[in-house]
Amino acid sequence: MIPKPGKPELRLLGVVNPRDKIIQKALLLVLEAIFEPTFLDVSHGFRPNKGTHTALKMVHQKFKNVPWIIEGDISKCFDSIRHNTLLSLLSQRISCAKTLALIRSALEAGYVLDKKRYSQKGVGIPQGGVISPILANIYMHELDLFITGLAKELNLGIKRRGNPAYSKLNLQRGKAYKEDDRPLYKSIGLEMRKISSRNMMDPKYIKIVYVRYVDDFIVGVFGSLSLAESIKQRIAVFLDKELGLTLSLTKTKITHSSSETVSFLGAEIVNSMGRPKDVSTPGLGITGSNTQIDASVPGLQSSTGIGNGIRQCQEVGD
C-alpha cells in the first residue's frame with residue numbers, strides 16, 4: 001500500500017513475480033503488434049514514442065485559444081475495469097482461445113497482502129503488472145473513439161468569424177496610414193492589441209479537441225459553457241453504460257483556460273488569451289500580438305511557453 005500524491009488515502013501497487021513478468025512481457029509484445037496500429041494519435045502513455053512530453057506537445061498544438069477545458073477524472077479507473085468487457089474487446093482482434101484464457105488468468109490471479117491472498121474476480125487490473133498499461137489503453141481506446149466521434153458530430157465551421165470592433169479599428173488605422181498620421185496610426189494599433197481579431201464566442205464555430213494519457217484526459221471546447229457541460233455529461237454517461245467506469249462529477253472540472261490554471265500530467269497549463277505576447281512588426285512602428293499556451297511545473301521556476309514547461313518536466317523526470 002502506497003500513498004497517493006497529494007491525497008490522504010492509500011492505493012495498491014502490485015509487484016509481479018519474475019515468472020509472471022516473463023510471460024506478461026511475451027504477451028505485451030504480441031498485444032502491441034496487434035493493437036498499436038489501431039490506437040489514435042490522441043492516446044499517450046506507455047506506448048512507443050508516446051509519453052508525457054508528446055501529450056503536452058499535443059496540448060500546445062491543439063488547445064490554443066480554447067475557452068473551456070474539461071479536466072477528466074475517472075474514479076479508480078484501473079480497479080474498475082470489467083474483465084468481461086475487456087476480454088470482449090480483445091476477442092475482436094484475437095481469436096486464439098488459449099491466449100484469451102491466459103490473459104484472463106493474469107487478470108484474476110489476485111494478489112498477496114500481509115500474507116493473505118485476495119482474489120480479483122470480474123473487475124480490476126493490477127497496477128504494476130507488465131501488461132496492465134496496454135490493457136488499460138485497449139479499454140480506454142473506446143473512450144477515444146467516442147470523443148473523436150462526438151467531435152465529428154459537433155464540430156461546426158472552419159474558423160471563427162471576424163470581430164466587427166477589430167475590423168472597424170483596422171479600417172481607421174488604414175485611413176490614418178494613407179493620411180500619413182503616424183501618431184493616430186500607432187494609437188489605433190495599440191487599441192487593436194487589446195481585442196481579438198476574431199469573435200472568440202462565435203456561435204457558428206464549434207470545435208472539440210482531446211488528449212488522453214492512460215486514464216487522465218482533457219477535452220477542449222471551442223464553444224459555450226453550456227456546450228462544455230453537455231459534453232461532460234455525455235462522457236459520464238458513456239463511461240458508466242459502456243465501460244462501467246465512473247467520471248467523478250465533483251473532481252471533473254470545467255475550467256476557463258485564460259483565467260484559471262489547468263493541471264495535466266504534473267504541469268500547470270494556462271491559455272494566454274487576453275495576455276498577448278508581443279511580436280515585433282518591422283517597418284510599421286508598432287507590435288502585434290500572438291496568443292500561446294504557458295506551462296510550468298509547480299515548485300520550479302515559472303516558464304513562458306509550453307516548450308519550457310516540457311523541459312522542466314524533463315528535469316524532474318516523468
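## Arg-212, a buried arginine

Arg-212 is buried, with a relative accessible area of 0%. Buried means under 20% relative accessible area, exposed means over 50%, and partly exposed lies in between, using a 1.4 Å probe and protein chains only. Arg-212 lies in strand S7, residues 207-213. Helices (H or I, at least four residues) and strands (E, at least two) are DSSP runs, numbered from the N terminus.

This is a predicted model: local features need pLDDT of at least 70, side-chain atom pairs count only at pLDDT 80 or more, and totals for chains, interfaces and linings use all residues. Residues are numbered from 1 along each chain as its sequence is written, and side-chain values use heavy atoms, with hydrogens and water left out.

What does the side chain of Arg-212 join in a polar contact? The partner is the side chain of Asn-137, at 3.0 Å. A polar contact is a pair of N or O atoms within 3.5 Å; within protein, one must be able to donate a hydrogen and the other to accept it, and residues adjacent in sequence count only if both atoms are side-chain atoms. Arg-212 also touches residues including Val-42, Ser-43, His-44, Met-140, His-141, Asp-144 and Phe-217, not counting residues up to four places away in sequence. Contact means heavy atoms within 4.5 Å.

## Arg-47, in a loop

Arg-47 lies in the loop between strand S3 (43-44) and helix H2 (52-62). Arg-47 is buried, with a relative accessible area of 12%. The side chain of Arg-47 reaches the backbone oxygen of Leu-40 at 3.1 Å. Leaving out residues up to four places away in sequence, Arg-47 touches Glu-36, Phe-39, Leu-40 and Asn-137. Asn-137 is also among the residues that Arg-212 touches.

## The whole protein

The protein has ten helices and 15 strands. Of its 318 residues, 41% are buried. Take the contacts with a separation of 6 or more: residues 24 or more positions apart account for 68% of them.

Helix H1 covers residues 18-35. Its 18 residues should span 26 Å at 1.5 Å a residue, and its end C-alpha atoms are 25 Å apart, which agrees. The expected span is 1.5 Å times one less than the number of residues. At the start of H1, a side-chain oxygen of Asn-17 comes to within 3.2 Å of the backbone nitrogen of Arg-19.

Which residues of H1 are buried? They are Gln-24, Leu-27, Leu-28, Leu-31 and Phe-35. Seen down the axis of H1, the buried residues fall within an arc of 120°, so they line one face of the helix. The arc is that of the directions from the helix axis to the C-beta atoms. These buried residues pack against helix H4 (83-91), helix H5 (97-108) and H6. The face turned away from the buried side carries exposed residues: Pro-18, Arg-19, Ile-22, Leu-29 and Ala-33.

## Ile-103 in helix H5

Ile-103 sits in helix H5. At 0% relative accessibility, Ile-103 counts as buried. Ile-103 touches Leu-27, Leu-31, Leu-87, Leu-90 and Leu-135, with residues up to four places away in sequence not counted. Ile-103 and Ile-131 are 28 residues apart in sequence, and their C-alpha atoms are 9.1 Å apart in space.

## Helix H6 and its kink

Helix H6 (residues 132-154) has 23 residues. From first C-alpha to last, H6 reaches 33 Å, close to the 33 Å expected at 1.5 Å a residue. Where is the kink in H6 centred? The kink is centred on Tyr-139 and is about 30°. The bend at a residue is the angle between axes fitted to the seven residues ending there and the seven starting there.

## Aromatic pairs

Rings of Phe, Tyr and Trp (its six-membered ring) pair if their centres lie within 6.5 Å; planes under 30 degrees apart count as stacked, over 60 as edge-to-face and the rest as tilted. By this rule the count comes to six aromatic pairs. One of them is Phe-146 with Phe-238: the ring centres are 4.3 Å apart and the planes are at 5°, so the pair is stacked. Phe-146 is partly exposed at 22% relative accessibility, whereas Phe-238 is buried at 15%.
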